[in-house]
Amino acid sequence: MATRILYIHGIGRIGGAERDLLTMLRALDRDRWEPYVACPPGTPFAERLANDGVPMRSLSLVAWRKWYAPAIRWRAVRSLRAMVRDLLPAIIHVNDIWWVPHTVTAVRGSRLGRPIVAHVRQEIEP
């Protein structure tokens with residue numbers, strides 16, 4: 001039986017991070033790994049996932065640091081928590097650092113204790 005991985009990505013346009021993830025997904029041995037990608041629906045990235053036959057779940061994320069985020073981010077966290085409960089992934093791969101706070105909050109609140117791997121592409125200052 002394949003091990004399920006949930007990939008979290010909050011951007012719908014195709015750039016470097018999206019191309020990296022698409023390349024990684026194409027190279028996965030589907031006999032060993034069962035990928036799901038949570039991302040914004042109706043976007044070029046979601047269309048590319050569909051064309052590649054990658055199962056997708058709709059998830060709209062606002063960057064945690066935006067001034068208006070506290071008023072609306074709880075919806076994304078709640079949706080992500082429900083998704084984790086539904087899919088029960090063995091591991092969660094956050095495809096960019098900007099979605100880590102949402103994912104950590106959702107998993108912590110789910111009491112499912114799933115490991116989270118974050119793909120960091122930016123140089124972070126202390």
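Which residues are exposed on the other side of helix 2? They are A50 and N51, where exposed stands for over 50% relative accessible area, buried for under 20% and partly exposed for what lies in between, with a 1.4 Å probe and protein chains only. The model is a predicted one, in which local features need pLDDT of at least 70 and side-chain atom pairs count only at pLDDT 80 or more, whereas totals for chains, interfaces and linings use all residues. Residues are numbered from 1 along each chain as its sequence is written, and side-chain values use heavy atoms, with hydrogens and water left out.

Five strands form an open sheet in the order 3-2-1-4-5, with parallel pairing; here strands (E, at least two residues) and helices (H or I, at least four) are DSSP runs numbered from the N terminus, and two strands count as paired if DSSP finds at least two bridges between them. Strand 3 and strand 5 (116-118) stand at the edges with a single partner strand each, so one side of each has no neighbour in the sheet. From one strand to the next, the twist averages 25°, with axes taken as lines fitted to C-alpha atoms, for helices over the stretch in contact, and angles running from 0 to 180 degrees between N-to-C directions.

The individual pairings can be followed across the sheet. Strand 2 and strand 3 run parallel and are joined by three bridges, and C39 has S58 of strand 3 as its bridge partner. Strand 1 is joined to strand 4 by four bridges, again in parallel, with I91 in strand 4 as the bridge partner of I5. Three bridges join strand 4 to strand 5, which also run parallel, and there H93 has V117 of strand 5 as its bridge partner.

Helix 1 (16-27) has 12 residues, which should span 16 Å at 1.5 Å a residue, and its end C-alpha atoms are 17 Å apart, which agrees; the expected span is 1.5 Å times one less than the number of residues. In this helix A17, E18, L21, L22 and L25 are buried, and seen down the axis of helix 1 they fall within an arc of 130°, so they line one face, the arc being that of the directions from the helix axis to the C-beta atoms. These buried residues pack against strand 1, strand 2 and helix 2.

Helix 2 (residues 44-51) buries F45, A46 and L49. They cover an arc of only 100° around the axis, which puts them on the same side of helix 2. Their cover includes helix 1, strand 2 (33-39) and strand 3 (56-58), in terms of contact, meaning heavy atoms within 4.5 Å. The helix lies across strand 2 and strand 3 and runs at about 160° to strand 2, and it is followed by G53, whose phi is positive, near 75°.

Helix 3 (residues 69-87), with 19 residues, reaches 26 Å from its first C-alpha to its last, close to the 27 Å expected. Its buried residues are A69, R73, A76, V77, L80, M83, V84 and L87. Seen down the axis of helix 3, they fall within an arc of 125°, so they line one face of the helix. Helix 3 lies across strand 1, strand 2, strand 3 and strand 4, running at about 170° to strand 1.

Just after helix 3, L88 takes a positive phi of about 50°, in the loop between helix 3 and strand 4 (91-94). L88 is partly exposed, with a relative accessible area of 46%, and, not counting residues up to four places away in sequence, touches M83, L112 and R114. The C-alpha atoms of L88 and R114 are separated by 8.4 Å, although the two residues are 26 apart along the chain.

In soluble globular proteins, nonpolar side chains tend to be buried together. Here the largest nonpolar core has 18 residues, and those with the most contacts inside it are L6, I8, L59, L80, M83 and I92; such a core is a set of buried Ala, Val, Leu, Ile, Met, Phe, Trp, Tyr and Cys residues joined through side-chain atoms within 4.5 Å. Strand 1 (3-8), strand 2, helix 3, strand 4 and helix 4 (100-110) each give two or more residues to this core, and its largest share, six residues, comes from helix 3. A second, separate core of 12 residues includes L22, L25, V37 and A46.
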